Every structure is written in structure tokens, then in C-alpha cells.
Amino acid sequence: MLTKRTLRYFKPGALTALETTLNAMSRRGWQAVKPGRFVQLYRQEPGSYVHRLDYCPHRTGSAGEIRFQSARELAGWSLAARRKGWRLYRKPAEAAEEGEKLPEGREEIRSLFQTRIARLESVRRWMLVLAALLLIGGYVSDLLPVLYATVLPMLAALFVTYRIKFMEEGLEK
């Protein structure tokens, strides 16, 4: 069997973009083996599938995980790949309705992202407070290294801000 590895970056939270790419590759005869945000691995197999990403917060083998899995199987979705709590489900394209979603939609992902966004907001606040203290301390002490040290927490706050932005946009789509 032929395998294909692609390198393509998907922003945090860009689940719809990843699903669209997986669907397009499936129509060309390449089925996802290991989908990821940076590296995707495909295997050439017959068939065309519609893909949906989901997140299972339950431990492997627990009753919650079994309920989670069986709800998707009853709706006709089969598990294509998994990594930690993330699950990729697929359904034959001819059996899937246009824009069909998984049972419960993206509620588990929304809950996961809300928790992560809250933590990132806390980190951003601390970085801004640290940057403000370094800035004030640099001006008061007239030491340029202290003043220049403001750059590091500001860069961290900038990085966290964009990560929050991408996650919030991903929830809206």
C-alpha cells in the first residue's frame, strides 16, 4: 500500500479546515491514518469519506468513553484515528448528509477550549503585569537591561493572545 506524508500547518482550533482537507484527500483516494496539525499521514485506499473531529474527555475503557463511542457508532460514524482524547470519525460520503455533524456537535471541544482559553488568559495577565513592573522598574532605576527585559513577557503575551484568538475563531466556525 502506498503512503503519503504531507506537511501542512493548521492553526489551533482550525478543526473545520483540517476536516475539509481530510475530506478532499479522501475524495482523491487517500485515507487519513494519522491526521495532525503539522504532519498528516495518508494511505491509498478505495472509498470516499466525510471526516469529523471530536474530543473524548473520558479515560480509555471507562463507562463514559464507551457511551461516547457508542453514540457516534449508532449515528453511523466509525473511528478512523485517535490520539489521546482526540478522535477522528469518518462516514462514507454517500451515506453522509450535507453538513452532517456528530451527535452533541462540538460541545466537548467547546468545553476543552474554554478551559484552555481561561488558563491562557491567566498567563497573559501575569505576563502583562510582569512587563509593566519591568517597564516601571527600568524607568525608575535607569537600567537599560531591566527596561529591555520587558520584551520577553510582552512577546509571551503576544503569542498567548494569538493562540486565544485562533481557538475562539475555531469554536465559532
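Modeller: From the N terminus on, the elements run β-α-β-β-β-α-β-β-α-α-α, which amounts to five helices and six strands, where helices (H or I, at least four residues) and strands (E, at least two) are DSSP runs numbered from the N terminus. The radius of gyration, taken over C-alpha atoms, is 21 Å, well over the 16 Å that the globule rule gives for 173 residues, so the chain is more spread out than a compact globule; that rule is 2.2 Å times the number of residues to the power 0.38. Along the principal axes, the C-alpha atoms fill a box of roughly 70 × 35 × 30 Å. This is a predicted model, in which local features need pLDDT of at least 70 and side-chain atom pairs count only at pLDDT 80 or more, while totals for chains, interfaces and linings use all residues. Residues are numbered from 1 along each chain as its sequence is written, and side-chain values use heavy atoms, with hydrogens and water left out.

Gln69 is buried, with a relative accessible area of 12%, buried meaning under 20% with a 1.4 Å probe and protein chains only. Leaving aside neighbours within four places in sequence, Gln69 is in contact (heavy atoms within 4.5 Å) with Leu79, Arg87 and Tyr89. With Tyr89, the side chain of Gln69 also forms a polar contact of 2.8 Å, that is, a pair of N or O atoms within 3.5 Å, of which one must be able to donate a hydrogen and the other to accept it.

How values were computed. Buried means under 20% relative accessible area, exposed over 50%, partly exposed in between (1.4 Å probe, protein chains only).
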